Amino acid sequence: MKVTILDDYFDTLRTLPCFAKLAGHEVTIWNDHVQEVDRLADRLKDTEALVLIRERTKIRTPLLERLPRLKLISQRSVYPHIDIDTCTRLGIVVSSSQHPGTPSYGAAELTWGLVLAAMRQIPQQMAALKAGRWQMGVGSGLRGKMLGIYGYGRIGATVAGYGKAFGMQVQIWAREPARMKAAADGYAAAPNKEAFFETSDVLSLHLRLVEATRGLVTADDLARMKPTSLLVNTSRAPLIAPDVLVRALKAGRPGMAAVDVYEEEPLLDVADPLLAMPNVVCTPHIGYVTRDEYEVQFADIFDQIVAYAAGAPIHVVNPDVLLSARS
């Protein structure tokens, strides 16, 4: 099959052991990011199997309708960036492993790195030192503080464990089944959402972005946070209502933020207000960007291509397409 991989910024995938799974296929790898439909349609005109790196490129109807040879989209995890109904109509199989039971340890580790970086002002202290100044301020410790985990899935549960190891108190806010799971793991649920935001010293978001969670964190929620508290978002930017976070930080509640995700990605505007704030630590959506995580993820993704080529597609998220899939 003619396989195309988009957005492999550092040409990493061909260096992974799992890349050998694509032996015998004709593979083209693009290392830049393109979203314009005309340019993508030209790049993908001969593609039969398209590999996506998470949600870096949106695959919408205007593009799909210009790709008559495309048979399979292979990726991992959620797929809000793909027009699934259009894929089904056009006979394109979408395979996406949901990796049950396997958290993204890379994302959890980055979350904790951001917590430490923000609370101890590590980037700011580094910048001061490089500018010839010795110490620019006084940071805050974690032991004894309250860690709030919003959403208790695989990643949230892992981050809760990190907080416990650092001597923090941990509280959870999530849907009832998740709160019950957290209770079984020994963590208390906040009495209500209002108290959750009011009492958390570090509040970390670990929710999937679906219509029900879009804008779930409101201006009122953030206004309840302490002026000393930290909001961490390594999940998805639209979990927070549009423009709310910047206004809240300017108002001083919460006092700090650490973010790895943005409304528009890649974020290349150096004038973006989040990047200019001294009380914000920003990273460029690197939660899952480790060699270890890539090997785990792309082993699944390449297995999906192998299975499709063998006539037995797996992890199909639009099973109705199998009645009329392109041949």
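In what order do the strands of the seven-stranded open sheet follow one another? In this predicted model, the order is β8-β7-β6-β9-β10-β11-β12, and the pairing is parallel. Strands of a sheet are held side by side through backbone hydrogen bonds, in either a parallel or an antiparallel arrangement. The edges of the sheet are formed by β8 (188–189) and β12 (280–282); each has a single partner strand, so one side of each has no neighbour in the sheet.

Within this sheet, β10 (residues 230–233) is paired with β11 (residues 256–259) in the parallel sense, through four bridges. In this pair, N233 stands opposite V259 of β11. Helix α4 (residues 105–119) lies across β6 (146–150), β9 (202–205), β10, β11 and β12. The angle at which α4 runs to β10 is about 150°.

Helix α10 (residues 244–251) has buried residues at V244, L245, V246, A248 and L249. The cover over these buried residues includes β10, β11 and β12, together with the helices α9 (219–223) and α11 (273–276). Just after α10, G252 has a positive phi of about 90°.

A further parallel pair is made by β4 (residues 72–76) and β5, which are joined over five bridges. In this pair, S74 has S95 of β5 as its bridge partner. Strand β5 (residues 93–97) is largely enclosed by the rest of the structure, because five of its five residues are buried. The burial involves both faces of β5: V93, S95 and S97 lie on one side, and V94 and S96 lie on the other.

Most peptide bonds are trans, and most residues other than glycine have a negative phi. The bond from R253 to P254 is cis, with omega near 5°, and P254 belongs to the loop between α10 and β11. A cis peptide bond also joins E265 to P266, with omega about 0°. The loop that holds P266 runs between β11 and α11.

Positive phi values occur at D11 and R54, neither of which is a glycine. For D11, phi is about 50°, and the residue is placed in the loop between β1 (2–5) and β2 (26–29). For R54, phi is near 50°, and the residue is in the loop between β3 (49–51) and α2 (61–64). Is each of these residues buried, partly exposed or exposed? The relative accessibility of D11 is 27%, so D11 counts as partly exposed. R54 has a relative accessible area of 16% and is therefore buried, the cut-off for burial being under 20%.

The loop between β1 and β2 also contains L13. The relative accessibility of L13 is 0%, so L13 counts as buried. Which residues does L13 touch, apart from its neighbours within four places in sequence? The contacts of L13 are I5, D8, F19, I53, Y294, F298 and F302. L13 and R291 are 278 residues apart in sequence, while their C-alpha atoms are 9.0 Å apart in space.

The largest pocket holds about 990 Å³ of space. Its lining consists of 42 residues, and those closest to the centre are G153, R154, H206, L207 and R208. Two or more lining residues are given by each of α6 (154–165), α7 (176–184) and α12 (291–309). The largest share, four residues, comes from α6. By residue type, the lining of the largest pocket has 18 nonpolar, 14 polar and ten charged residues.

The second largest pocket holds about 830 Å³ of space. It is lined by 30 residues, with E55, E264, E265, P266 and H285 nearest its centre. Among these, E265 and P266 are the residues joined by the cis peptide bond with omega about 0°. The lining of the second largest pocket divides into 16 nonpolar, four polar and ten charged residues.

Note on methods:
Residues numbered from 1 in each chain as written. Predicted model: local features only at pLDDT ≥ 70, side-chain atom pairs only at ≥ 80, totals over all residues. Heavy atoms only, no water. 1 Å grid on protein atoms, 1.4 Å probe; cavity = no way out; pocket = protein on both sides within 12 Å on 5 of 7 lines; lining within 4 Å. Points joined across faces, edges and corners; volume = space filled by probe spheres on them. Nonpolar A, V, L, I, M, F, W, Y, C, P; charged D, E, K, R; others polar. Pairing = 2+ DSSP bridges. Contact = heavy atoms within 4.5 Å. Axes fitted to C-alpha atoms, helices over the stretch in contact; angles between N-to-C directions. Buried < 20%, exposed > 50% of the residue type's maximum accessible area, 1.4 Å probe, protein only.
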